[in-house]
Amino acid sequence: MLDSSTFQDLASLPLHQNCDHPAVMNPKKCATVCNINKNLLSVDYAVVALAAYPELMSSSDIPADVKGRVREILGDCSQSSVGSYSPSGGLRMVREAVAAYLTERDQAPARAQDIYLGNGAADLIRAVLAMFIGDIDGKPPAVMLPIPQYPLFSGFLSELGLLQASYYLDEERNWALDTCELQRCWKQASICSHVRVLVIINPGNPSGQVLSVKDLEEIVKFAYDHDLFLLADEVYQDNIIGKKFHSLKKAMNNIIRVMYAMGEPYRSMELASFATCSKGWAAESGLRAGFLEMVGVQGGVAAVFERTRSLLQCPGVLGQCALHCLVQPPLPGEPSYERYKSERGPTEIALAERSATAFNVFNSIPGYSCNSIHGAVFAFPRVEIPKRAQKEALENGRNPDEFYCLQLLEETGVCVVPGSGFGQREGTFHFRTTILHPPREFNYMMESIRRFHLHFLQRYSN
C-alpha cells in the first residue's frame, strides 16, 4: 500500500531523457513503428486546427459540431487560447470527458479528479513508476514485468533504479498468463528485493494477446494476496481483432470488470491504468497526449503526485484537444458523424485483414510459428535459427536474432525489431513487425521475409 512517506525527493528527479538502456528502441532508427492511418480522421485535424486558429470559425467547410466542441475547449482555456498553460492535470472539460468515457466503458464510476493528462502515456507511466523509488525494510524495490514486454518499461526501470522481476507469458497457449509463473517470479524476486508493482500490458505489445476476464480476475487476486500496486498498460484497447477488450477495472457480469465485480476487499485495491492518442483509431503519436486513471490511492499520495506533476507545468493543450476527440467522438446525427464513420471503418477492416494475412503467411514458412493476433498492431513470430548461424552471430558479438534481422534488412530492405529487445525465453528467437503497411508494401514485406528465410536456411544448413 502506498503512503505519502514513500515519496523520497521526487521533486528533484530529472525529467525523462532518452535512456541508454539496451532495450530502448530509437524510432528514428526503426522503420517498424508507424501509424495506423495517416489519412487522419478529419474531425481530429479540424478540432486541432480550429483551436489553434479560431479565425477559421467563419469557414463554412468546418461542421457545426466541431465549432461547438472547440468553443467549449477554448472556454476552458485561460484567455481562451491553447497557447496558455492549462492546469497541470489537464483541462477540466477534457478530464471530465475522460471520466465519462471510462464510466461508460467500465460500467463503474470514474471521477475527473482521479484523471491525469500527460504528454503521451509514456510520460504518465514514468511518473507512476517514480513513486516507488526507495528501499523498503532494507530491500530495493522491484517491478514485475511480463516477458515479452514493451521496452519502455525496462528502460524506465533502469533509469529510475528499480529492479525488474520478469514473468514469462506462455507462448504455447497464445501468450497466456500463468499464475504459477507469477508466483515463481514473485518468490524469486522477493529473496533480494521488495516487489511493489505488477505490470500488465493488455492488449499485449509485442505479443498481440488479449487477456480474458478469467486472466484478469487471477491477476487481481494475486496482486491482493501479495500487496502489489497494479499498473495496466491498456493503450491498444481500441485495436482489438475478433475478441472483446476487458479492462482491469471491470469484468464478468454484463462486462462489469474485475475490481468492481469481485467486491470487497478487491474494490479498495490500487490501480493505475493508461490510454493514449498515439494508438487506437486516432494514431496521433506526434501530438503526445494520454491519460492516467488512478484508483484506490490514499489522499496524501494523490496530493503529492499532483504536486510532482505540477513541476512539468502542463501537458500540451493541442494534444488535449485530440484526446477529447478520442474519448468523445462524433455521435450519430451530428454533422461530423458520417465522415468520421467512413474514415474509421476502413482502418478497422484493414487491421483485421493484415492480422489474418500475417498469421497465415508466417505459419506457412518453414521454421516459423506465429500466434493469433487479437490486439495491438504487431506480429511477433518465432523463428528457428540454425546452429551455424547462431555460432556466427556470437562470434560477431551479436545476439542470433539481431544477426538474423540485420541480414534481413541488408538483403531485402525489410526492417524488423529483434525479439531480444522485448525479452524472450532462452533458446527462442523472435522479431516484431508492424502489420500496418499499405497493402502492396505489406504483401511485398511478407514475400520478402519468406524468400529470405528459405535462402538463410539453405546458407546455414548443417
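**View 1. Helix 13 (400-412) and helix 14 (439-459) are part of what covers the buried residues of helix 12.** This is a predicted model, in which local features need pLDDT of at least 70 and side-chain atom pairs count only at pLDDT 80 or more, while totals for chains, interfaces and linings use all residues. Residues are numbered from 1 along each chain as its sequence is written, and side-chain values use heavy atoms, leaving out hydrogens and water. Helices (DSSP runs of H or I, at least four residues) and strands (runs of E, at least two) get their numbers from the N terminus. Helix 12 spans residues 387-395, and its buried residues include Ala 389, Gln 390 and Ala 393. They sit on the same side of helix 12, because they cover an arc of only 100° around the axis (the arc is that of the directions from the helix axis to the C-beta atoms). Look at the other side of helix 12 and you'll find Lys 387, Lys 391 and Glu 395 exposed. Here buried is under 20% relative accessible area, exposed is over 50%, and partly exposed is in between, using a 1.4 Å probe and protein chains only. Just past the end of helix 12 comes Gly 397, with a positive phi of about 75°.

**View 2. Strand 4 is largely enclosed by the rest of the structure.** The strand runs over residues 194-201, and seven of its eight residues are buried. Strand 2 (residues 141-147) pairs with strand 4 in the parallel sense, over four bridges (strands pair if DSSP finds at least two bridges between them). In that pairing, Pro 141 stands opposite His 194 of strand 4. Strand 5 (residues 229-233) also runs parallel to strand 4, and five bridges join these two. There, Ile 200 stands opposite Ala 232 of strand 5. To get from strand 4 to strand 5, the chain passes through helix 7 (residues 213-225) in a right-handed β-α-β crossover. Right-handed here describes a path that runs clockwise from the first strand over the helix to the second, with the strands pointing away from the viewer.

**View 3. Two prolines follow cis peptide bonds.** Pro 148 belongs to the loop between strand 2 and helix 5 (151-160). Another cis bond joins Asn 202 and Pro 203, with omega about -5°. Look for Pro 203 in the loop between strand 4 and helix 7.

**View 4. Phe 132 and Phe 229 meet edge-to-face.** For this count, rings of Phe, Tyr and Trp (its six-membered ring) pair if their centres lie within 6.5 Å; planes under 30 degrees apart count as stacked, over 60 as edge-to-face and the rest as tilted. The rule gives 15 aromatic pairs. In the Phe 132 and Phe 229 pair, the ring centres are 5.2 Å apart and the planes stand at 65°, so the pair is edge-to-face. Phe 132 comes from the loop between helix 4 (121-129) and strand 2, while Phe 229 is in strand 5, 97 residues away, so this pair links distant parts of the chain. Phe 132 is buried, at 2% relative accessible area, and Phe 229 is buried, also at 2%. Then take Phe 362 and Tyr 368: with centres 5.7 Å apart and planes at 5°, this pair is stacked. Both of these residues are buried. Elsewhere, one aromatic cluster brings together Phe 403, Tyr 404, Phe 452, Phe 456 and Tyr 460.

**View 5. Asn 371 reaches over to Glu 171.** Asn 371 lies in the loop between strand 8 (368-369) and strand 9 (378-379). Its side chain comes to 3.0 Å from the backbone oxygen of Glu 171. Which residues does Asn 371 touch, not counting residues up to four places away in sequence? They are Glu 171, Asn 174, Trp 175 and Phe 359, where contact means heavy atoms within 4.5 Å.

**View 6. Gln 79 and Gln 107 have positive phi values.** Gln 79, which is not a glycine, has phi near 60°. Gln 79 is in the loop between helix 2 (64-76) and helix 3 (92-106), and it is exposed, with a relative accessible area of 71%. Gln 107 has phi of about 55°, and it isn't a glycine either. Gln 107 is in the loop between helix 3 and strand 1 (115-118).

Notes: A polar contact is a pair of N or O atoms within 3.5 Å; within protein, one must be able to donate a hydrogen and the other to accept it, and residues adjacent in sequence count only if both atoms are side-chain atoms.
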